[in-house]
Structure formats: structure tokens, C-alpha cells
Amino acid sequence: MFPDPLRQSVDYLVLGHLTRDIGADGERLGGTAAYAALTAAAFGLRVGIVTSWGEDLPLGKLGGIPIVNSQFSETTTFESWQEDGIRKLKVHQLAAPVESQHIPTAWLGARIVHLGPVIGELSPQIARQFEESSLGITPQGWLRQMDADGIVSPNEWPEADFVLNKSMAAVVSEEDYVNHADWLNSMIVSAPILAQTQAQRGATIYYQGEEIGVPGFEANEVDAGGAGDIFAAAFFIRLHFGDTL
């Protein structure tokens, strides 16, 4: 008899929607949960995903990772395009929220927990479930809202102080708070460690009043999709295992 993966503990638990991403090159699987899970698996960790999606999208390399899915849901679907050099997003479908009761009991003790909402699908209160874990936050989905037509725009995050105070570290993209620099300042105060990713320019890390610049390196960029999520997962993992900034 094969063991039930939902009854086994995991090292890295990620919560958030798996998404269908529509771009100029067609459709593909996306979402912080997908990229972070693959990154953690590449580090050799046991990974679990708690999500909400319609199961109508091929999982590809995620097929070997245990996934808990809330039932009777559509797949969150984003369309992206460039407008005046700025990435624009539209939501065509929205999956059901990811609730704390969906998390298998055996996974509640994960060493690293990554909260990775893409469009408000996680309640900030879910952070209370993981007091003993190293909690990594990518708050992108809490910094977004969508209008009646599905167009995504920046959104103030009133629970930021509560969630970030419970975290080990957080990673935010400079795209997440365009024209709202005060949001970044607030997150810097609340998070023990905050990394701001800046695309090809690298990142800036804020820690105990210091700013640490991490320059990008020369590379032949093929596809930037998920780059920030991959950075975040690797960052959380190495911090948990004792690497210094």
C-alpha cells in the first residue's frame, strides 16, 4: 500500500492560486504557488501546495508535487500585456478563496511556509496558523484589486503590519506599488527583512534600518515569468537554513 502524501509532513508549504496565464506566446501554468513549489523541490525539499483551481490546466512538472485543491472552483486566469512599457493585467476568471481548513493537519508543521496570494485569495488571518514555522510572504495578491471589468490595479493593504510582523521575511516587486512609495516605507518598518526586487537591476534588501543593494548580473533573458517568485522561494529557503544576508 502506497503512503498517502497528505498524511506526511512537508518541508515547504506554499498557499495561493495556481493560475492560467495568457500572454503573447499563448497560455501556460502560472502563479506564485507553481514557481515557488518547483524551486523548493529543486532544492530537494518535500513540498506541498494548497490552492484552488479548476483542474482544467495541465500541471506539467508540478505533477509530482502533492496538491490540495478546494473543490468546485474555476481557474484564476490572467491576461497580460505591455502598455507604455508598463505591464497590465486583466482577470478573466477567479477561483475560490484558499481557506485554512483546506490545509492537511500533517502540513501545519512545515518548516517553511510561503503565503503567495495572486489576487486576494488568502485571508491575512491565515498567518496565525504558522506560529512555529519560518513564514515567507510575497504580498503581491494583497496589493492588487480588480474593477468590474477585471482590470488589475494597486490596492492598499491594511493588514500589512499584522502579517509582516509574523514573518521571517517578505519579498515585494517594485511593480506591486507603482505610484505608492509610502506602501513600501510601511512594509520596511513592519517586516523583519524585506527584499524589493527590481527586475534586471537586482534587488534592495531592507534590514534593521540598513539598505543592502544586490546588483543584477549579466544574463541572456529568455523568459522573465516567475522570476520574482523563484527569487523569493530561494531567499526564504536559504534564510531558514542559516545563510546570512
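**Stop 1: a pocket and its lining**

Select Ala-203, Ile-205, Val-214, Phe-231, Ala-234, Phe-235, Arg-238, Leu-239, Asp-243, Thr-244 and Leu-245, which line the second largest pocket. A pocket here is an open set of points on a 1 Å grid over the protein atoms alone, with protein on both sides within 12 Å along at least five of seven lines, and lining residues have an atom within 4 Å of a point. The elements giving two or more residues to this lining are β14 (202-207) and α4 (227-240); helices (H or I, at least four residues) and strands (E, at least two) are DSSP runs, numbered from the N terminus. The largest share comes from α4, with five residues. The space inside is about 220 Å³, a volume being the space filled by probe spheres set on grid points joined across faces, edges and corners.

Before moving on, note that this is a predicted model: local features need pLDDT of at least 70, side-chain atom pairs count only at pLDDT 80 or more, and totals for chains, interfaces and linings use all residues. Residues are numbered from 1 along each chain as its sequence is written, and side-chain values use heavy atoms, with hydrogens and water left out.

**Stop 2: along α4**

Now select α4. Its end C-alpha atoms are 20 Å apart, in agreement with the 20 Å that its 14 residues should span at 1.5 Å a residue; the expected span is 1.5 Å times one less than the number of residues. Buried residues in α4 include Asp-229, Phe-235 and Leu-239, where buried means under 20% relative accessible area, exposed over 50% and partly exposed in between (1.4 Å probe, protein chains only). After α4 comes Gly-242, with a positive phi near 105 degrees.

**Stop 3: two loops**

Click on Ala-199, in the loop between β13 (193-197) and β14. Its phi is positive, near 50 degrees, although the residue is not glycine. Ala-199 is exposed, with a relative accessible area of 60%. Next comes Gln-208, in the loop between β14 and β15 (210-215). Gln-208 also has a positive phi near 50 degrees, and it is exposed at 67% relative accessible area.

**Stop 4: an open sheet**

Finally, show the four strands in the order β3-β2-β6-β7, an open sheet with mixed pairing; two strands pair if DSSP finds at least two bridges between them. At the edges stand β3 (26-30) and β7 (86-93), each with a single partner strand, so one side of each lacks a neighbour in the sheet. Zoom in on β6 (residues 76-83), joined to the antiparallel β7 by seven bridges. There, Glu-79 stands opposite Lys-90 in β7.

Note on methods. 1 Å grid on protein atoms, 1.4 Å probe; cavity = no way out; pocket = protein on both sides within 12 Å on 5 of 7 lines; lining within 4 Å.
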